[in-house]
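Hello,

Here is the structure I promised to pass on. Please open it first, then read the notes below.

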Amino acid sequence: MAEILKGAAVAAALTERTRARAETLAERGVRPTLAIVRVGEREEDLSYERGALRRCEKAGVEARLFSLPGGVSQAELLSVMKKINDDETIHGCLLLRPLPAHLREEEVCAALSPEKDVDGITPASLASVYAGTGAGYPPCTAQACLEILDHYGYEISGKRAVVVGRSLVIGRPAAMLLMGRNATVTLCHTRTADLPGECRRSDILVAAAGRAGVVDKTCLSLGQVVLDVGINVTEEGNLTGDVDFAAAEETVAAVTPVPGGVGAVTTAVLCAHVVSAAERAAR
C-alpha cells in the first residue's frame, strides 16, 4: 500500500518556520502583510479566502481584505491594484481568480508590482521561475508540490519527473521548479501520444491537467511518488483529483490525497512568500 502524503503536517511545519521569521521581523517593527483582492462572491473564492485568513493568523501574517462587487470596472480594479503597489506596509498580494468575464485578467495581473506578487501571476515572476534566478515567487500550488516531497524525504535530484498539465498556473512552473532541483522533466498533457507510457517511466508524477481520472492505473508503476494537484467535482458533489486514487494506493510508493494533499499546503506557501517579501523590503 502506498504512503499517503497528507498536506496538513507539511503545512503545519512550514507555518511554524514562517511564524518564527515573522516574529523576527516584528521585533524590527515590520509586520508582514498580505492584501487579498476578491471580486464578487464565488464560493470557491470565499472558501480559499477563509483558508488563507486562518493560515495568515497562524503564521503571524496580517491580512487585509479588498472585497469588490462583481460588477467592478476594469479601471476601478486597476486603481485598487495601484493602491496596493503604493502602500509600503503591504508586502504581498493575492488576487483571487478567475476574474469575472468582463474584466481583462491578464492586464490586472500585469499591473501588480512583481515585488508584491507572492503567487506568481505577473510575467516578471513567471520569467524568473523559468530563468531560475529566484528573483520572483512561483505559483503557490507549484511550490507546494516541492514542499511535500521535501517534507516526506523524497529525493528530487537525478529523478525522472513527469508533469501532466501545461498551464501557467501549475504545470509549467512545477516542471521548471523540478528541473531547478536537478530532476529530468518531461512535460505532458492530455494530447500527449502514449501518455500512460510516459507516466509509467517516471519516478515523480505530478498530475495537474484538471481532468478527473486522466491518470489511471495504466499510468502507474511501482516505486512512483504521485502528486495529485487536480480539483474536480463529481456528479455527486464530491471532490476528486486527476488521479485514480484507489489504483494509485495499490500500486505506487506514495500519493497525495484529494482533498487534504497539495491544496492543504498552498496557503502555507503563500504566507512564507509574504514573509520573504517583507524580509526583502526590510533590507
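**What was found**

Arg21 has a relative accessibility of 27%, so it counts as partly exposed. Please keep in mind that this is a predicted model.

Arg21 has a partner. Its side chain meets that of Glu279 in a salt bridge, at 2.8 Å from N to O. The pair joins distant parts of the chain: Arg21 sits in helix 1 and Glu279 in helix 10 (residues 263-281), 258 residues apart. Glu279 is also partly exposed, at 26% relative accessible area.

Helix 1 (residues 7-27) holds another pair. Glu23 and Arg19 form a salt bridge of 3.4 Å, N to O. They are four residues apart in that helix, so about one helical turn separates them. Both are partly exposed: Glu23 at 43%, Arg19 at 33%.

Next, a network. Salt bridges link Arg42, Glu44 and Asp45. Between Arg42 and Glu44, the closest N and O atoms are 3.7 Å apart. Arg42 is partly exposed at 31%, whereas Glu44 is exposed at 51%. The structure has 14 salt bridges.

There is also a surface patch of positive charge, where Arg166, Arg172, Arg191 and Arg211 gather. One of them, Arg172, belongs to helix 7 (residues 171-180) and is partly exposed, at 39%.

Now the whole protein. It has ten helices and eleven strands. Its radius of gyration is 19 Å, close to the 19 Å that the globule rule gives for 283 residues, so the protein is as compact as a globular protein of that length. The C-alpha trace spans about 50 × 40 × 35 Å along its principal axes. Of the 283 residues, 50% are buried.

Best wishes

Technical notes: Residues are numbered from 1 along each chain as its sequence is written. This is a predicted model: local features need pLDDT of at least 70, side-chain atom pairs count only at pLDDT 80 or more; totals for chains, interfaces and linings use all residues. Side-chain values use heavy atoms; hydrogens and water are left out. Patches are made of residues with over 30% relative accessible area and no salt bridge: like charges are joined within 9 Å, nonpolar side chains (Val, Leu, Ile, Met, Phe, Trp, Tyr) within 5 Å. Accessible areas come from the Shrake-Rupley method with a 1.4 Å probe; for residues, only the protein chains shown count as cover. A salt bridge is a side-chain nitrogen of Lys or Arg within 4 Å of a carboxyl oxygen of Asp or Glu. Lys and Arg count as positive and Asp and Glu as negative; His and the chain ends are not counted. The place of a charge is taken as NZ of Lys, CZ of Arg, CG of Asp or CD of Glu. Helices (H or I, at least four residues) and strands (E, at least two) are DSSP runs, numbered from the N terminus. Buried means under 20% relative accessible area, exposed over 50%, partly exposed in between (1.4 Å probe, protein chains only). The radius of gyration is taken over C-alpha atoms; the globule rule is 2.2 Å times the number of residues to the power 0.38.
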